[in-house]
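User: I would like a close look at a single part of this model. Please keep it brisk and connected.

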Amino acid sequence: MTSSHASGGPWTDLERPPLNARVLRQALLLPDGLWSSLDVVASTGSTNSDLAARAAELPEGAVLVAEEQTSGRGRLDRTWSAPARSGLFLSVLLKPDVPAHRLGWLPLLTGVAAATGLARAAGAGVSLKWPNDLLVTVDGEERKAGGILAERAGEDGVVVGLGVNVSLRADELPVPTAGSLLLAGAVSTDRDTLLRAVLRSLADRYGAWTRAGGDPDASGLRAAYREHCSTLGRRIRAELPGERALEGEAADLDGDGRLVVATEGGGTEAVGAGDIVHLRAAG
């Protein structure tokens, strides 16, 4: 695999320079660090699919970044794409030595790491919509600026994909409810800086979580997710598998990362999968 710098391919949008794979490797591939390799490709269908296909031969910590992703996949087999070099499109290979029932925390962990890293490097507030959306505020409204997809790869691997809209302009948004860091008033849209911040934040958060055996409380993960999650405290509608819907207040996360919904009847139900619709603002 080669970087877009090495490929010699033309790029015409001066506001969207290609990533510098050589400098990224120097900054991120450190002795005793999590990240073991980093490849940047000019274009691919899905970084998750590409990395999952090679999971058996790669060590933990492999990172694959695409300047353009033509068949990016989200939850529920949804697809999406964005202009070349307009965002961060990447996947990482992780092989956590934690109990299987703790693996549901990985996409939530990635969300916390991404929100923390992006807020620090971009200067724009990023919040989390359970379970896997990154939200920004544009013109006073919450907009989705990114998403996360975690998939098992082989016997012991998990590929976690992250897509973030960085420099999308208003006329480039795929749907009116989408947003980008640029539209949210980011002070920096330098993707090299943003990628370094996200991967360093992810390595720190993942290290703490694995050292704690995947325990979300001992590692501080559940508390951090609560802090960043805009879903908690809101009235929501959960659209569940089997065409069932559940309405109530998003009260908490349980020990497996499921969303605990307080229903009108006074009970609670833990939701492990489904689309969440925010019906009113938190608080």
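Predicted model: local features only at pLDDT ≥ 70, side-chain atom pairs only at ≥ 80, totals over all residues.

How many aromatic pairs does a search of the whole structure find?

Analyst: A search of the whole structure finds one aromatic pair. The partners are Tyr206 and Trp209, at 6.1 Å centre to centre. Their planes make an angle of 45 degrees, so the pair counts as tilted, between the limits of 30 and 60 degrees. Both residues belong to helix α5, residues 191-211. They sit three residues apart, about one turn of the helix. In an α-helix, residues three or four places apart point the same way, because a turn takes 3.6 residues. Tyr206 and Trp209 are both buried.

Next, helix α6. Helix α5 is among the elements that cover the buried residues of α6. Those buried residues are Leu221, Arg222, Ala224, Tyr225 and His228, in a helix that spans 221-228. Seen down the axis of α6, they fall within an arc of 160 degrees, so they line one face of the helix. The cover also includes α4 (106-122), β6 (127-129) and β11 (244-253).

β11 pairs with β12 (residues 259-263) in the antiparallel sense, over five bridges. Within that pairing, Asp252 has Val260 of β12 as its bridge partner. Five residues lie between the two strands of this hairpin, where Gly257 takes a positive phi near 85 degrees.

β12 is also joined to β13 (residues 268-271), by four bridges, and these two run antiparallel. Here Val260 has Ala270 of β13 as its bridge partner. The hairpin of β12 and β13 has four residues between the strands, and Gly266 takes a positive phi near 100 degrees.

Note on methods: Residues numbered from 1 in each chain as written. Heavy atoms only, no water. Phe/Tyr/Trp six-rings, centres within 6.5 Å; stacked < 30°, edge-to-face > 60°. Buried < 20%, exposed > 50% of the residue type's maximum accessible area, 1.4 Å probe, protein only. Arc of directions from axis to C-beta. Contact = heavy atoms within 4.5 Å. Pairing = 2+ DSSP bridges.
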